[in-house]
Amino acid sequence: MPVPLLDVNAQNHPLEAEFTAAFHRVFKTGHFIMGQEVTAFESEIARLVGARHALGISSGTDAILLALMALGIGPGDEVLCPAFTFFATAGCIARSGATPVFVDVCPVCFNLDTNDARKKVTARTKAIVPVHLFGQSADLDAIQNLASEHGLRVIEDAAQALGATYRGRSVGTVGDFGCYSFFPSKNLGGLGDGGLLVTEDDALADKARSLRNHGMNPKYYHADIGGNFRLDALQAAFLRVKIPHYGHYTAMRQANAVYYTETLLRETGIAEAEPEHCKCAKGQDDHLATEGVKVVLPVSYPHNGHIWNQYTLRVRGAGQRDALRTHLASLEIGCEIYYPLTMDQQACFTHLPESSRQGCEVAHRLAQEVLSIPVYPELQPEQREEVVAAIVSFVNP
């Protein structure tokens, strides 16, 4: 049977009556930008992630940009960010006027390699933006230690990781700011664009609130130049409908990930990445080659609460990832490459100095190997079986 990569209707349609009631509630107030609906949403989502301050934002991208603005990051500054991430991470740094400096990543968890980051700190480095890619936390202890050593600000890009944890603490609440996205494909997806900015710092929260609304405080008085980063009341109301279901959504994604891992590991030529190689990536591929591994499964570290925004395979061998993608497509099974180019390979960044783009070999390799398969909560058992059978038939024809 056809298996889509994601089916937003399977999640949203059962809540149609609640969405309709939320629409009418907002419609009757005539208050469509910010207001009580957004305030209530901010309180509820702050409790979910354990944040002191939560600000509803127009998108996850705008949340990152707003965090940079609130921290005074701009022209002449450098900001460390992973080379393997969605474009918004690096794009916002460039939009702030600062220079993104691309850092290599770990082949096991796909997140920022702090050893490489340390090599790229200069006198101009002002911040670091770890990305909790695919729903698993980066190594926040190492990142915070590096930041403390060099006086760097930390902006957590948790766009794919709402509710994920690092040693029991919600990602996004460890650094100076945490940024989340409610794009429809996210684990808590809205019915349009939306984002969130969190912080534990009272002064930074006040600054961000002002900048969110054109730097205005009080009304029509502007001490700073901000932007229009406000969240629509309708989107806040729709997200409030889904918040009570979020624990169930997460549990189902985790169950699907466990099923994939346990079932696929029974097959020859498929193995998990080994966590002991995370700190020293150089041994990983040698080990896999010795074992004859064709497909590498993702790993959830014991100290992390992984929410599985994506279940991402590594398909080893020249051209094999694309071959598997074609194979799955022929069986009407959805899959996607996140991401086919690293940030240092993007045309818009080729003008950056070589020092900002060098040494990202692991990221380049991942861009040639990664393929994400369906893991959404509403995936049916027979659909999971179809996905597994298709992968097995490719690896062991």
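Trainee: How much of the contacts in the chain with a separation of 6 or more comes from residues 24 or more positions apart?
Mentor: Such residues account for 72% of those contacts, a contact being heavy atoms within 4.5 Å. This is a predicted model, in which local features need pLDDT of at least 70, side-chain atom pairs count only at pLDDT 80 or more, and totals for chains, interfaces and linings use all residues. Residues are numbered from 1 along each chain as its sequence is written, and side-chain values use heavy atoms, with hydrogens and water left out.

Trainee: What share of the chain is buried?
Mentor: Of the 397 residues, 57% are buried, where buried means under 20% relative accessible area with a 1.4 Å probe, protein chains only.

Trainee: And what radius of gyration does the chain have?
Mentor: The chain has 21 Å, which agrees with the value near 21 Å for a compact globule of 397 residues. The radius is taken over C-alpha atoms, and the globule rule is 2.2 Å times the number of residues to the power 0.38. Along its principal axes, the C-alpha trace spans about 65 × 55 × 35 Å.

Trainee: How many helices and strands are there?
Mentor: The chain holds 15 helices and 14 strands. These are DSSP runs numbered from the N terminus (helices H or I, at least four residues; strands E, at least two).

Trainee: At what angle do α3 and α9 cross?
Mentor: Helix α3 (residues 36–49) and helix α9 (residues 233–242) cross at roughly 40 degrees, and their axes come within 8 Å. Axes are lines fitted to C-alpha atoms, for helices over the stretch in contact, and angles run from 0 to 180 degrees between N-to-C directions. The pair is therefore oblique, the class left over after roughly parallel (under 35 degrees), roughly antiparallel (over 145) and roughly perpendicular (65 to 115).

Trainee: Which residues make that contact?
Mentor: E37, V38, A40, F41 and E44 of α3 meet A233, A236, A237, L239 and R240 of α9.

Trainee: Next, how far apart are the axes of α4 and α5?
Mentor: The axes of α4 (residues 60–70) and α5 (residues 87–95) lie 9 Å apart, at an angle of about 40 degrees. So α4 is oblique to α5. On the α4 side the contact is made by T61, D62, I64, L65 and L68, and on the α5 side by A88, T89, C92, I93 and R95.

Trainee: Which residues of α14 are buried?
Mentor: In α14 (residues 361–369), they are V362, A363, L366, A367 and E369. The buried residues of α14 pack against β13 (311–315), α12 (320–330) and β14 (370–373).

Note on methods:
Buried means under 20% relative accessible area, exposed over 50%, partly exposed in between (1.4 Å probe, protein chains only).
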